Amino acid sequence: MNYSDFQFLKFENKPNGVLVITINRPEVMNATNGRLHWELTKIWGVVNDDPKTRVAVITGAGDKAFSAGGDLSWITDMVGNPKTINNVMNEASDIVYNVMACDKPVISAINGVAVGAGLAVAMMADISIMAEEAKITDGHVKLGVAAGDHAAICWPLLCGMAKAKYYLMTAEFVSGKEAERIGLVSLCVPRAQLMEKALEVANKLATGSQQAIRFTKRSLNGWMNVARPIFESSLAMEMLCFLGEDAKEGVASVREKRAPKFPSAQD
């Protein structure tokens, strides 16, 4: 693949080998559909093989969202559908592992709400910079499915087990300031300064020793490689939940804009 093959990601080359990648579905707050989910698995190999790119910065189009979760129609198609579930499971794994496998540093500039696959990219980035006004949540449990995706592999490492369990089991939103305070993101700045700061950090990395920086990334990713069995187990349990009754109710409650009544929580 090359950059022109991507439908929902746009690209801008900056000086010193910095590539800005923008998740580009602003009409739906950059929500993930099947095509965009697949593209988020493929872009990291293209970046890795691009000799002109030293650092990638990923952000969302507009000022409201980095990526506001998955399209409801796409998620609905997963419920009770083993074939679709298997495909999404493979892609969710690829998003995590392909960001890790990309030799070049990846910076996320979290400009607004981040949920779902977009959040996975934001949190798996080597350096995450979040707007104070932005909010993030791993909302899996609100849909009646386990927090698989990326969370089990990196949240305990980023913010500690106590905070990881709290936010993943309650699905509460985390503000930019709180995310920085607990160590969930690298930096937090006012939204107006977000891209300036992200590009400043990217330029620092792009003009540094490329071998040293890339080997440092590879070394530190060893901690996440240790957690691969935990991640793969959590991802499998998430997908198993999509075959159950709670997931049907979770999706229905979102569609109908009401509180869920999960069958597993009824007397």
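Me: In the hairpin of strand 1 and strand 2, what phi does asparagine 16 take?
Reply: Keep in mind that this is a predicted model: local features need pLDDT of at least 70, side-chain atom pairs count only at pLDDT 80 or more, and totals for chains, interfaces and linings use all residues. Residues are numbered from 1 along each chain as its sequence is written, and side-chain values use heavy atoms, with hydrogens and water left out. Strands (E, at least two residues) and helices (H or I, at least four) are DSSP runs, numbered from the N terminus. The hairpin puts three residues between its strands, and asparagine 16 takes a positive phi near 65°.

Me: Which residue in strand 2 stands opposite lysine 10?
Reply: Strand 1 (residues 9–14) and strand 2 run antiparallel and are joined by six bridges; two strands count as paired if DSSP finds at least two bridges between them. Lysine 10 stands opposite threonine 22.

Me: And on the strand 3 side, what stands opposite leucine 19?
Reply: Here the pairing of strand 2 with strand 3 (residues 55–60) is parallel, over six bridges. Leucine 19 faces a residue of strand 3, namely alanine 56.

Me: What handedness does the β-α-β unit of strand 2, helix 1 and strand 3 have?
Reply: Look with the strands pointing away from you: if the path from the first strand over the helix to the second runs clockwise, the crossover is right-handed. Helix 1 covers residues 34–49, and its unit with strand 2 and strand 3 is right-handed.

Me: Why is strand 2 described as largely enclosed by the rest of the structure?
Reply: Buried means under 20% relative accessible area, exposed over 50% and partly exposed in between (1.4 Å probe, protein chains only). Both faces of strand 2 are covered, with Val18, Val20 and Thr22 on one side and Leu19, Ile21 and Ile23 on the other. Strand 2 (residues 18–23) is therefore largely enclosed, its buried residues being six of the six.

Me: Is asparagine 30 buried or exposed?
Reply: Asparagine 30 sits in the loop between strand 2 and helix 1. Beyond its neighbours within four places in sequence, asparagine 30 has contacts (heavy atoms within 4.5 Å) that include Ile23, Arg25, Leu36 and Phe66. Its relative accessibility is 0%, so asparagine 30 counts as buried.

Me: How much space lies in the largest pocket?
Reply: A pocket, on a 1 Å grid over the protein atoms alone, is an open set of points where a 1.4 Å probe fits, with protein on both sides within 12 Å along at least five of seven lines; lining residues have an atom within 4 Å of a point. Points are joined across faces, edges and corners, and the volume is the space filled by probe spheres set on them. The largest pocket has 30 lining residues, with Gly69, Gly70, Ile75, Val115 and Leu143 nearest its centre. Its space comes to about 760 Å³.

Me: Which element gives the most to the lining of the largest pocket?
Reply: Elements supplying at least two residues each include helix 3 (82–101), helix 4 (116–124) and helix 10 (228–241). The top contributor, with four residues, is helix 2.

Me: For the second largest pocket, where does the largest share of the lining come from?
Reply: This pocket has a volume of about 490 Å³ and 22 lining residues, among them Ala125 and Met224. Seven residues, the largest share of the lining, come from helix 9.
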